[in-house]
Amino acid sequence: MAYRSAKNKRRLARFLTYAYMVLLSIIIIYPLLVTASSAFQAGNTTAFKLDFNASWTLDNFRRLFSETPYLTWYKNTLIIALSTMVIQVIVVTLSGYAYSRYRFIGRKGSLKFFLIIQMVPTMAALTAFFVMAFLLGAINSYWFLSALYIGGGIPMNTYLMKGYFDTVPIDLDESAKIDGAGHIRRFWEIILPLVRPMIAVQALWAFMGPFGDYMLAKFLLRSQDAYTVAVGLQTFITDVRNQKVAFFAAGAILIAVPISLLFFLLQKHFVAGLTAGGTKG
């Protein structure tokens, strides 16, 4: 009797687990299907809808490239995303290593300060950012927007990277030091390969940020030719009387292309970093 009761409980737990997974899949996949359906539908689409019976075409993508400055917005976003990713990953990796392996004055205080900074929402600093951009002549400037993305990502990501460095045994550093390895060699050849998974995650997060941010980019980029894709796509649906839903959907789908490519390029590092390196025998 007890065996049958335990078996029924396992079946119920399995059923609830699968039901929960199916529900999450529907929640995630349904908006993607609606967007794809709106992007590939022929004719003038005035609302987002899922219609598999409609005629599908690539004409919306052709018109998106020929009738709108979408390619310019895409190029702008790629420039900002790549620069943000490279600089932020370098800064966060070096600072995380320093906080993990060295003891210096203000170490604990600055880590607490990083956490406090993250509590301040970006909206609260929009006016300050605009004044800074105006004084520096950086309105419509990509370098200033990239600097804000980088600065905004450093505090919390440094804290996360420091925590990941802490999981690497200090014995590796000491063994390499006994063998005569200096600070740079220990960092580059011993420790860095072991934190590749977190570096890959940091790179992906930093790259995705400019593609999804609307508020900050809209506030600082005033010229249409300087827009990012998030700001540019919004212009397609702001006019209630002339909404370009098909263009918006097509442009939204194309945003996923570079992000997906970067994910697949970095995917091997998620596992490779866990198995690389080791203690000296």
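1. Residues 74-266 are 75% helix and 0% strand, and their end C-alpha atoms lie 22 Å apart. Helices (H or I, at least four residues) and strands (E, at least two) are DSSP runs, numbered from the N terminus. UniProt, in an unreviewed entry, gives this span the feature "domain: ABC transmembrane type-1". UniProt positions are given in the numbering used here, with shortened feature names, and annotations may be inferred rather than shown by experiment.

2. The model is predicted: local features need pLDDT of at least 70, side-chain atom pairs count only at pLDDT 80 or more, and totals for chains, interfaces and linings use all residues. Residues are numbered from 1 along each chain as its sequence is written, and side-chain values use heavy atoms, with hydrogens and water left out.

3. The unreviewed UniProt entry places "transmembrane region" at residues 12-33, 78-99, 111-136, 142-160 and 245-266. Residues 12-33 are 100% helix and 0% strand, with end C-alpha atoms 31 Å apart. Residues 245-266 are also 100% helix and 0% strand. Their end C-alpha atoms are 33 Å apart.

4. Helix α5 (residues 126-136) and α6 have axes that come within 11 Å and cross at roughly 145°. Axes are lines fitted to C-alpha atoms, for helices over the stretch in contact, and angles run from 0 to 180 degrees between N-to-C directions. In the contact (heavy atoms within 4.5 Å), Phe129, Met132, Ala133 and Leu136 of α5 meet Trp143, Phe144 and Leu148 of α6. By class, this contact has seven nonpolar, no polar and no charged residues. Here Ala, Val, Leu, Ile, Met, Phe, Trp, Tyr, Cys and Pro count as nonpolar, Asp, Glu, Lys and Arg as charged, and the others, Gly among them, as polar.

5. The largest pocket holds about 640 Å³ of space. A pocket is an open set of points on a 1 Å grid over the protein atoms alone, where a 1.4 Å probe fits, with protein on both sides within 12 Å along at least five of seven lines; lining residues have an atom within 4 Å of a point. A volume is the space filled by probe spheres set on the points, which are joined across faces, edges and corners.

6. The largest pocket has 23 lining residues; Thr122, Leu148, Tyr149, Gly152 and Gly153 lie nearest its centre. Helices α3 (70-101), α4 (107-118), α6 (142-166) and α9 (196-212) each give two or more residues to this lining. α6 gives the most, eight. The lining divides into 13 nonpolar, nine polar and one charged.

7. The second largest pocket has a volume of about 340 Å³. Of its 16 lining residues, Val89, Thr93, Trp188, Leu192 and Ile199 are closest to the centre. α3 gives the most to this lining, with six residues. By class, the lining has 13 nonpolar, two polar and one charged.
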